[in-house]
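Here are a few notes on the model you sent over. Have it open while you read, and start with the rings.

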Amino acid sequence: MKNHFMSRLILGFMFFAAAGTIHGVRAQDTGSAQAMRNAYAKLKPELENSPYKSPLRLNSSQGENKADGEIYGILNHPFSAVRKNLQDPAGWCEILFLHLNVKYCRAIENSTIRIYVGTKKPQSLDTATEIRYRFKKIADRADYLKIAMTAASGPYGTSNYNISMEAIPLNTRQSFIFVNYGYQYGTVAKLAMNTYLGTIGSDKEGLTIIGKKADGSPEYASGIQGVIERNTMRYYLAVSAWLDSLSAPKGEQLNRRLSSWFDATERYPQLHEISKSDYMNMKKDEYRRMQKEAQKTGMAR
């Protein structure tokens, strides 16, 4: 029960509004195509020498009652493809679904995303937690896209969920994206997270290096920041895996993006949770469940 409780809670840490600073580039510096171009110019040296095995910059922080994170990255997809596919809530459902903890996702018309979150193992929806996000397309231009998803509340006293994404073209083949996200959490959630971090999550690490251990090996972010960073990377990789899969024949797209996402996460030891066969089998079963539910209401994707 404790593992189930914590798994549902942890997933929320991927959604929150960042307010931190990344080496002189602040979240509030974005909000337009020009601001994104300025951010890219500042971050270009770091992106070219990124320690994350991809051209991206990851940051996280923790306040008294909130967790913050943000990521800048380069996608090897033209902006026309990014713009076409990432302004669609149904597409975001396909992206969110790749995460181990997302058991179900459905876009309702063009304004709501309904997800169920739970454990990293097969699970019935009646034991998972439902969260509904309001989806809004804020800007859609030839040189700039911005979307936002918000939810007033989540499980165990969490509130004010927000995730937003901005993108601009870099050249004819690549796009530059910025994602910020976050939520607030109360006493119940804080106690539960502290319990998790002191037990089954005590040996888990994030991805940013914050120092060196006594033996000289890297010391990575841990605690809530580690949770944030792991989920940040998982979703960044999900965006790329989903976009990559769209070039395959329709009947092969699900298998390709599941396989690509898992292989990408396995490049980072901190992200390993289950075997590839277990992941693929679980996700295919969950996807069939989603499709069956959608067909009942005439909303199959």
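1. Look at lysine 53 first: its charged end sits over the ring of tyrosine 268, 5.3 Å from the ring's centre. (A charge sits over a ring if NZ of Lys or CZ of Arg is within 6 Å of the ring centre and within 35 degrees of the ring normal.) Lysine 283 does this with phenylalanine 97, at 4.2 Å from the centre.

2. Before going on, a caution: this is a predicted model, where local features need pLDDT of at least 70 and side-chain atom pairs count only at pLDDT 80 or more, while totals for chains, interfaces and linings use all residues. Numbering runs from 1 along each chain as its sequence is written, and side-chain values use heavy atoms, with hydrogens and water left out.

3. How many aromatic pairs does a search of the whole structure find? Seven, where rings of Phe, Tyr and Trp (its six-membered ring) pair if their centres lie within 6.5 Å; planes under 30 degrees apart are stacked, over 60 edge-to-face, the rest tilted. One of them, tyrosine 72 with phenylalanine 178, is tilted, at 4.4 Å centre to centre and 35° between planes. It joins strand β4 (residues 66–75) to strand β10 (residues 175–184), with the two residues 106 apart in the chain; strands are DSSP runs of E, at least two residues, numbered from the N terminus.

4. Both tyrosine 72 and phenylalanine 178 are buried, meaning under 20% relative accessible area (1.4 Å probe, protein chains only). Ring pairs also tie Tyr40, Tyr72, Phe176 and Phe178 into a cluster.

5. For the whole protein, 53% of the 301 residues count as buried.

Definitions and conventions. Helices (H or I, at least four residues) and strands (E, at least two) are DSSP runs, numbered from the N terminus. Buried means under 20% relative accessible area, exposed over 50%, partly exposed in between (1.4 Å probe, protein chains only).
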